[in-house]
Structure formats: structure tokens, C-alpha cells
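Here's a quick walk through the model, from single residues out to the whole chain. Have the viewer open as you read.

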Protein chains: 2
Amino acid sequence: MDRTGSGGAPGDTPGDAFARATAVTRDDDGHWRGQVHEGWDIRGNANGGYLLAIVGRVLTSATGRPQPLTTTAHYHRPGVPGPVTIDVETVNETRRFTTATATLRRDAEPVLTVLGTLGDLGATTGPELVRATPPPMPEPDACVPLVPGDPFPPPFTGRVELRLHPEDAGFGEGRPSGEARMRGWFRLRDREPVDAVALLCAVDAFPPTIFNADLPVSWTPTIEMTAHVRARPEPGWLRCAFRTRHVAGGFLEADGEVWDGAGRLVAQSRQLALVPRAR
Amino acid sequence: MDRTGSGGAPGDTPGDAFARATAVTRDDDGHWRGQVHEGWDIRGNANGGYLLAIVGRVLTSATGRPQPLTTTAHYHRPGVPGPVTIDVETVNETRRFTTATATLRRDAEPVLTVLGTLGDLGATTGPELVRATPPPMPEPDACVPLVPGDPFPPPFTGRVELRLHPEDAGFGEGRPSGEARMRGWFRLRDREPVDAVALLCAVDAFPPTIFNADLPVSWTPTIEMTAHVRARPEPGWLRCAFRTRHVAGGFLEADGEVWDGAGRLVAQSRQLALVPRAR
């Protein structure tokens, strides 16, 4: 058991900071309300996975389905701290699944729009075939913690726990690995459990893959991100790996995988992002 | 230049069967109307990429943006031939992009819902980095044409031109390769150009990857498919490769890549599908 950092001592009550930062309520008028909390940002703009998780809370609550099996978010403008509304619309419902759209707005301006299908991951079985293995990484204690600095790492890194693979951690000191890849460990602070909605945050929690490539790129705003939640994670650190294979025409994709301590793939993600030239 | 099959002789007018099968019109009341044409089906159900392309036509027409840069479809029920309506709603518009949702309905029942961001692929440049290569394959003439049979291959295979990698083509005769992979060439019939919307069909045109795995699976209904159009393809055959790495808990993902004759990645796709046990 890892007892370093903010993991908390045995016997402590687990934290609930993520649950509080993504909490939503439903008004009598049918609008959902939430709050983009302070400190979950990158240079003032809330992390995209955190924003998606707020919408994920609405989708699971509104549909009564426990897991966002597949969720796609299109990002319109930066999310700044403050109250937000989320309007959700069910587009189809079957015995096993509900599909819905939702748009999160700040001051009536859309921040992100989501299309998702929700269901119960425990409800089905089927044939099994796994042709991949968890990415090899040193144990969390041998990895590099990301903690907020000025201007890097951003405040968001203080809200979750991130430990980078040492080979991928040098970009902050001007030593990119040369491969558009980012690998590391993720967990919530104070042993707060990572549920399926928190996985929507995990898949966007790491610095951009492109920071490890020798390219003149300083930021990569996400246009769209899709996350598949494939299994409910075991408690503990999650092993994450992201890579980019195609930067072209002003766009890049970043593919992500999240594995739990039991060696199971729990989430997959892909995002399409803009690649502005560094200014 | 390939002059075999239905590629047509030089000088012929290129075909327009795909353009006609995906044509849409806008009513005075703001509804878009189209037609699921006969023959684009697998066992009576229209191919999912073909249905997405119909919605893609609506999205490009309604937004005035030439390319569906990233498009996600959630499938609700099989598409059967006949008239359909498509309702589209713009959720955000910027200088460069428009994001919209659309639902295609048959007899008022939703068949698929789409969330997409559209733009102009030619409008941007940026740094380039490519860490992948087109999948090696024998030339189209040395591959195995898929032509409709009874019950396999399905009618859809007669509407487009598909040539399978010989190593991946034995599943129809009970000789799956053992790898959940499907590689081959795609083009439209009669030299009809493949535009960005037709790529939405290409990414779902091949038999399921899982047919090449030794699993008791006879069909894999798609829950969700996301396609990124990364470049406008050169005329000619497109090199396509699909693979599945995780079949678990009753779901699988299938990742696709489409490359053009100039060796450029033109589309990427991922779908999440159900894995029912064979009956």
C-alpha cells in the first residue's frame, strides 16, 4: 500500500473533493445546475475531463444508468469558475441503454456539448479476448509527481494525483523525450474512489503528448474527446498511457488507455485537438 | 491505373451512385429529408457508415462547412429502406468551426443521433509529425474482392468496392486468421470520387474484425462510432485497416485507419460494439 503524498493514512475517511467539485442538482424547471470549481484549471481554463465529468454526473443522474459507456464531448469555449447549467435531452432508451445529449453553459454560452450512451457495465458478459497489455512503468513511488508550479504544472495537478513516467517527465525542464507520448499514474486525492465518471477526468488529466515531441507547440485545445468506459476500476492507482501518431494539417489525435491495478483496461479515449503554432 | 472490376474504362463519366444514395433535401419547414436506399444493407439493415454519410450530407449542407472533421454516431435501431427525416441543430459556431447535433428518424423513430464538428481541412497548416505508416498490403488486384453472396457477403458489398487482404479473407470459408483484424482496399464504384462524407462510409465498410478471431460471435451491433476526417483523399483506392484489441464484458472496440494513394492518413475511426454470443 502506498502511504506517501496525499494518499492519507490508513483509517482516514476517504476524500470527496472530486465528488463535491462535480456535484449537480436538478431544479424544479428541469435544468441541472453545477459549479466549475476554482483550482481545476490550466491557465485559468477548467480541465476538459473535469468539465466532462460534471456532465457525466448529470447524465448518470438523469438517465438512472450507472456508467457512461461511451461519451463524446465537443468543446466550444474555455470553462471558467462559477455556476453552470446543464440541459440534458434523452434521444433514445432501450432495455439496456439510454442515449442522451447534454450541453453545459456558463452565462447562457455553451462550453461543451456531449452525446453519450449509458448503461450498466456489470449487466453483461460475453467472450473475452485481450490483445494488449498494461503499459510498463516504474511503480508510483519511482515516478515523478506533478505538483502545481508557476506557470507549470498548472493548478489542476494539485486537485488530482499524477505521477509521470520518468522517461516522459523531462519536458518541463526543456528535455522532451522526442516521442509524442505521456505515461503515468492517476488517482484522486485522499483515496477518494475513482468511479466511472471520474474516469472521464482521468483520460484528460495528463499534460499533452505533444509536449514530448520536438515541435513548436505550446498548447493543444481539444475539439472533441470520446471516452469508452470498459470496466469499473479496482481501488488504487491507475496506469495511464497517451500517444499521438499523426500531427498534420493543424490537427492531432491523442489516444489514451487507462488500466487498473488488477491489470484490466478500464477506459479508452481519443481526442482530436488543434495544433496552433507556438507564439 | 487500375482498370479491372467496375472501375470503369478511361473516358467514362464517373459514377454517382453513392451521391444519389446519400442525397438530402431541405423542406420549407426546416426538416431534412433523405432516403435509405435498397441494397446498402447487411441482412436487411443499412450499413452504419452509409447511414452516417446521409447525416454527414445534412451536416455539411446545413452548416455550409465542407468537411465533417469529427463525427460521432450513436445507433439506436436498424435502418431499413425508405424515407427518413433528419433534424439538425447547431449548438455552436465559431469563425472556423460549426458544431451540430442531428437525429435521423424513420417513421418518427430515431435510428441514429450524431454530434459533429465541421470545418475546412484546407484552411490550416501547422507542424507535422507522423509516427505511423500505411498498412502493408498486396495491390488491389492481388486481394480478394468481396461480392454479394447468400447469405454472405451482404448486399452492401455490391454497392462499394472492397478487396480484402488475402490473409484476412478466409473467415468466410471458416478459416479466420486468428487475429481480430480486417485489412483491405476501398473505393466507390465506377470511379465516383470519395469525398470527406464518403470517408464516413469507408470507416464502417468492412466486415467486423471479430470475424477473424476464434470467438463464438456472429454479429457485433455498433453502439457508437467516431470518425475523424484528417485529410481530403487523393482519387483512387484507399488502404484500410481495422483491429480490435479488447473484447470484454460484452463489448469490443474496433479501431480503423484509412490511407490514400499518396500515403496520407485521411481518416481514423473507433467504434464501440456489443458482442452478443452466437446463437
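In which strand of chain A is the place of A:Ser269? A:Ser269 sits in strand 17, residues 265-274. Strands here are DSSP runs of E with at least two residues, helices are runs of H or I with at least four residues, and both are numbered from the N terminus.

Some ground rules before going on. This is a predicted model, where local features need pLDDT of at least 70 and side-chain atom pairs count only at pLDDT 80 or more, while totals for chains, interfaces and linings use all residues. Residues are numbered from 1 along each chain as its sequence is written, chains are lettered from A and ligands numbered from 1 in the order in which they are written, and side-chain values use heavy atoms, with hydrogens and water left out.

Back to A:Ser269: with a relative accessible area of 2%, this residue is buried. Buried means under 20% relative accessible area, exposed means over 50%, and partly exposed is in between (1.4 Å probe, protein chains only). Not counting residues up to four places away in sequence, A:Ser269 touches several residues, including A:Val203, A:Phe242, A:Asp255 and, from chain B, B:Arg270. A contact here means heavy atoms within 4.5 Å.

A:Phe156 is another buried one, at 1% relative accessible area. You'll find A:Phe156 in the loop between strand 10 (144-145) and strand 11 (160-164) of chain A. Leaving aside neighbours within four places in sequence, its contacts include A:Trp40, A:Ile42, A:Asn47 and A:Cys201. A:Asn47 is 109 residues from A:Phe156 in sequence, yet their C-alpha atoms are 7.0 Å apart.

Most residues other than glycine have a negative phi, and most peptide bonds are trans. Here are some exceptions:

| Feature | Where | Angle |
|---|---|---|
| cis peptide bond | A:Phe152 to A:Pro153 | omega near -10 degrees |
| cis peptide bond | B:Asp150 to B:Pro151 | omega about 5 degrees |
| positive phi, not glycine | B:Ala108 | phi about 70 degrees |
| positive phi, not glycine | B:Asp190 | phi near 55 degrees |

A:Pro153 is in the loop between strand 10 and strand 11 of chain A, and B:Pro151 is in the loop between strand 10 and strand 11 of chain B. B:Ala108 lies in the loop between strand 7 (98-106) and strand 8 (109-119) of chain B, and is exposed at 65% relative accessibility. B:Asp190 is in the loop between strand 12 (181-188) and helix 3 (196-202) of chain B; at 34%, B:Asp190 is partly exposed.

What about the cysteines? Taking a disulfide as a pair of cysteine sulfur atoms within 2.5 Å, the count over all chains is 0. For A:Cys143, the nearest cysteine sulfur is that of A:Cys240, 11 Å away. A:Cys143 is buried, at 8% relative accessible area. B:Cys240 is buried too, at 0%, and its sulfur is 10 Å from the closest cysteine sulfur, in B:Cys201, which is too far for a bond.

Zooming out, chain A has 3 helices and 17 strands. Its radius of gyration is 18 Å, close to the 19 Å that the globule rule gives for 279 residues, so chain A is as compact as a globular protein of that length. That radius is taken over C-alpha atoms, and the rule is 2.2 Å times the number of residues to the power 0.38. Of the 279 residues, 58% count as buried.
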